[in-house]
Amino acid sequence: MRYFKRLILVLLTMIMTVSTAFASDTAVIEIVTLKLNEGVSYTEFAAIDKAVEDQHVAKQPGFISRESAAGENGEWLVIVHWQSTEEADASMASFMSAPAAQQFVDNIDGSTMVMKRYSTMFK
């Protein structure tokens, strides 16, 4: 529960900081890195990650695409493309209340999660 509360605080802080950096009509690439909890296998988490994509993220307005990859030592990478910052913000705001997100959050070390957003406005 402690990690869950910390994760919410970190995510809300990142949303507030990042959302002011981009124009409202700019497409966004969201990069998330995190580490899995001790004992969680990549295979086990891949199914959880896919469920959160299929059941929540891909259904959000402005969603373009999402991909995930395993790294070394429990590291995990998620890349999400959004049509706008506002739609990315709305998805993140709804994430913690999504039923599929609970299992995702329960299997990661929330203190290691880092989210960054990049603008495609310079194409």
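We'll stop at a cavity and then at some aromatic rings.

This is a predicted model, so local features need pLDDT of at least 70 and side-chain atom pairs count only at pLDDT 80 or more, while totals for chains, interfaces and linings use all residues. Residues are numbered from 1 along each chain as its sequence is written, and side-chain values use heavy atoms, with hydrogens and water left out.

**Stop one: the cavity.** Select Glu 30, Val 32, Val 57, Met 92 and Phe 95, which lie nearest the centre of the largest cavity, out of 15 lining residues. A cavity here is a set of points on a 1 Å grid over the protein atoms alone where a 1.4 Å probe fits but cannot get out, and lining residues have an atom within 4 Å of a point. The volume is about 190 Å³, taken as the space filled by probe spheres set on the points. Now colour helix H3 (85-95): H3 gives the most to this lining, with 4 residues. The lining divides into 12 nonpolar, 1 polar and 2 charged residues.

**Stop two: the rings.** There are 5 aromatic pairs in the count (ring centres within 6.5 Å; planes under 30 degrees apart are stacked, over 60 edge-to-face, the rest tilted). Select Phe 45 and Trp 76: their ring centres are 5.0 Å apart and their planes sit at 85°, so the pair is edge-to-face.

Key: On a 1 Å grid over the protein atoms alone, a cavity is a set of points where a 1.4 Å probe fits but cannot get out, and a pocket is an open set with protein on both sides within 12 Å along at least five of seven lines; lining residues have an atom within 4 Å of a point. Helices (H or I, at least four residues) and strands (E, at least two) are DSSP runs, numbered from the N terminus. Ala, Val, Leu, Ile, Met, Phe, Trp, Tyr, Cys and Pro count as nonpolar, Asp, Glu, Lys and Arg as charged, and the others, Gly among them, as polar. Rings of Phe, Tyr and Trp (its six-membered ring) pair if their centres lie within 6.5 Å; planes under 30 degrees apart count as stacked, over 60 as edge-to-face and the rest as tilted.
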